[in-house]
Amino acid sequence: MKKHFIGFFPFLSFLLLISPVGAATIKVMTQNQYLGADLTPIFATSNDNEFNAAVVKALQTVAANKPAERMKALGAEIAKEKPDLVGLQEVFEFQCVDLVQPPITARGCSDPSIAAAFSNHLQATLDALNGTYLNRGTVVNLNIPIIPYVSGIPFQINGVPALLGVIDRDVILARRGVNATPVDYTAFQNLGVCLEPSGEGCNFSVALPAPTPLGTFSVEHGFVAVDVKVDGKAYRLVNTHLEQQRPDPSNPLSQLYQIFQAAELLYTLQNTTPMDRSLIIVGDMNSGAEHPAIAGYPTPYQQFVAAGFTDAWTLRPGGLPGYTCCQLEDLSNRRSMLYERIDMVFSYDVPSNVKKARVVGATVSDKTPPAGLGLWPSDHASVTVDLQFQLLTAKK
């Protein structure tokens with residue numbers, strides 16, 4: 001039995017005073033929804049014309065990837081699996097306002113090549129779930145609202161000017177009837193945690209700068225957590241999305257961004273998690289067991305394991321690789337191209353049993369219509385895990 005993060009306890013004596021009284025099971029799921037395009041080319045532009053072309057290309061790719069159909073398919077996966085809690089990453093919303101008024105039909109925001117891009121992926125997912133799941137916690141990683149002449153990303157398509165708004169979030173959904181409460185990490189700012197609160201969660205203090213002709217953006221990432229009681233046991237579930245493994249391919253040390261973010265998350269959890277809650281982390285870690293340390297710094301995966309977390313997939317019998325990433329950018333590949341496992345479920349308390357651990361959304365039958373010929377719901381597969389823990393009580 002592992003010690004909890006906070007405080008010291010003489011566990012040998014403690015174990016003599018407790019006995020098992022049954023087991024509790026919680027089912028969790030993690031899913032990177034995929035925004036619908038690779039934004040890297042936008043940050044590689046050197047002038048306004050290149051930037052505009054890259055923005056339009058990204059919007060066209062998002063639209064061609066049919067977000068409405070994909071969110072419906074992702075919602076269907078959740079409905080089929082029926083997890084108690086779901087950690088979603090890359091939950092985007094794209095907005096558009098025409099700068100030519102009145103708007104010109106089929107021009108600007110309504111141009112047929114980009115019009116389908118403008119949607120709220122979170123709302124579309126909740127609509128697909130038809131009230132069976134509720135949003136219980138959100139961290140906002142990117143928020144560029146549209147305020148004419150003040151905020152928004154200006155672009156032109158076929159000579160018609162418009163403003164683009166973008167929101168990126170990580171979200172925790174709870175099945176209706178599961179009472180999940182967001183964790184307020186701002187209460188621990190005196191300990192140096194959550195210095196950048198966002199929504200119900202926190203942004204990491206380390207963020208990748210992304211220069212563009214319009215100025216430098218910060219590529220924010222963060223985490224959000226909820227407290228919940230399921231099947232008689234109390235849990236704290238944390239959802240996160242760490243920076244890419246190497247956001248600057250020309251610079252191996254750019255991996256330090258995700259390494260420092262993981263360290264910040266672990267520091268937060270070590271100093272704020274109550275002893276009476278089992279701690280579970282889900283998310284897109286952009287880090288796997290096979291990735292080596294960089295310049296002597298342990299990867300996020302290595303950090304979690306060294307801190308005492310159990311990678312739930314490794315307790316699954318059968319030895320399947322469990323690959324979760326990645327399909328092609330346009331999601332058009334006929335067969336799955338998943339080649340690495342970076343979407344994780346970590347548990348601090350070692351489960352007594354992992355009843356089920358599944359990769360979902362990785363077979364041809366999971367594609368959007370027509371059957372077998374549509375798009376993959378995301379460039380990532382999702383992971384669902386049933387974690388079972390022994391319930392203990394004090395001996396009389």
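Reader: Are H3 and H4 parallel or oblique to each other?

Author: This is a predicted model, and the reading starts from a general idea. Two packed helices are described by the angle between their axes and the distance between the axes. Here the axes of helix H3 (residues 67-81) and helix H4 (residues 121-129) come within 8 Å and cross at roughly 50 degrees. H3 and H4 are therefore oblique to each other. Their crossing is right-handed.

Reader: Which residues of H3 and H4 make the contact?

Author: On the H3 side they are Pro67, Arg70, Met71, Lys72, Gly75, Ile78 and Ala79. H4 supplies His121, Ala124, Thr125, Ala128 and Leu129. Sorted by class, the contact has 7 nonpolar, 3 polar and 2 charged residues.

Reader: Take one of them. Is His121 buried or exposed?

Author: A residue counts as buried when its relative accessible area is under 20%. His121, which is found in helix H4, has a value of 0%, so His121 is buried. Leaving out residues up to four places away in sequence, His121 touches Gln33, Tyr34, Leu35, Pro67, Arg70, Met71, Val91, Phe92, Phe94 and Arg169. Among these, Pro67, Arg70 and Met71 belong to the H3 side of the helix contact.

Reader: How do I check the length of a helix, and what span should H2 have?

Author: Count 1.5 Å a residue, taking one less than the number of residues. Helix H2 (residues 48-64) has 17 residues and should therefore span 24 Å; its end C-alpha atoms are 24 Å apart, which agrees.

Reader: Which residues of H2 are buried?

Author: They are Phe51, Ala54, Val55, Val56, Ala58, Leu59, Thr61, Val62 and Ala63. These buried residues pack against H3, E2, strand E4 (153-157), strand E5 (160-175) and strand E9 (208-212).

Reader: E2 is on that list. Where does Leu85 lie, and what is Leu85 in contact with?

Author: Leu85 lies in strand E2 (residues 85-98). With 1% relative accessibility, Leu85 counts as buried. Setting aside neighbours within four places in sequence, its contacts are Ile26, Lys27, Val28, Met29, Ile172, Leu173, Ala174, Val178, Ala180, Val226, Val228 and Leu237. Take Val28 from that list: Leu85 and Val28 are 57 residues apart along the chain, yet their C-alpha atoms are separated by 5.0 Å.

Reader: Now the backbone. Which residues other than glycine have a positive phi?

Author: Lys82 is one of them, with phi near 55 degrees. Its place is in the loop between H3 and E2. Asp231 also has phi near 55 degrees, and lies in the loop between strand E11 (222-230) and strand E12 (233-241).

Reader: Is Lys82 buried or exposed, and how does Asp231 count?

Author: Over 50% relative accessible area means exposed, and partly exposed covers the range between that and the buried limit. Lys82 is at 54%, so Lys82 is exposed. Asp231 is at 48% and therefore counts as partly exposed.

Reader: One last backbone feature. Which residues are joined by a cis peptide bond?

Author: The angle to look at is omega. A cis bond joins Gln101 and Pro102, where omega is about -5 degrees. Pro102 lies in the loop between E2 and H4. Another cis bond joins Cys325 and Cys326, with omega about 0 degrees. Cys326 lies in the loop between strand E14 (310-311) and strand E15 (343-347).

Note on methods
Residues numbered from 1 in each chain as written. Predicted model: local features only at pLDDT ≥ 70, side-chain atom pairs only at ≥ 80, totals over all residues. Heavy atoms only, no water. Axes fitted to C-alpha atoms, helices over the stretch in contact; angles between N-to-C directions. Helix = DSSP H or I, 4+ residues; strand = E, 2+ residues; numbered from the N terminus. Parallel < 35°, antiparallel > 145°, perpendicular 65-115°, else oblique. Left-handed = near helix turned anticlockwise from the far one by under 90°. Contact = heavy atoms within 4.5 Å. Nonpolar A, V, L, I, M, F, W, Y, C, P; charged D, E, K, R; others polar. Buried < 20%, exposed > 50% of the residue type's maximum accessible area, 1.4 Å probe, protein only.
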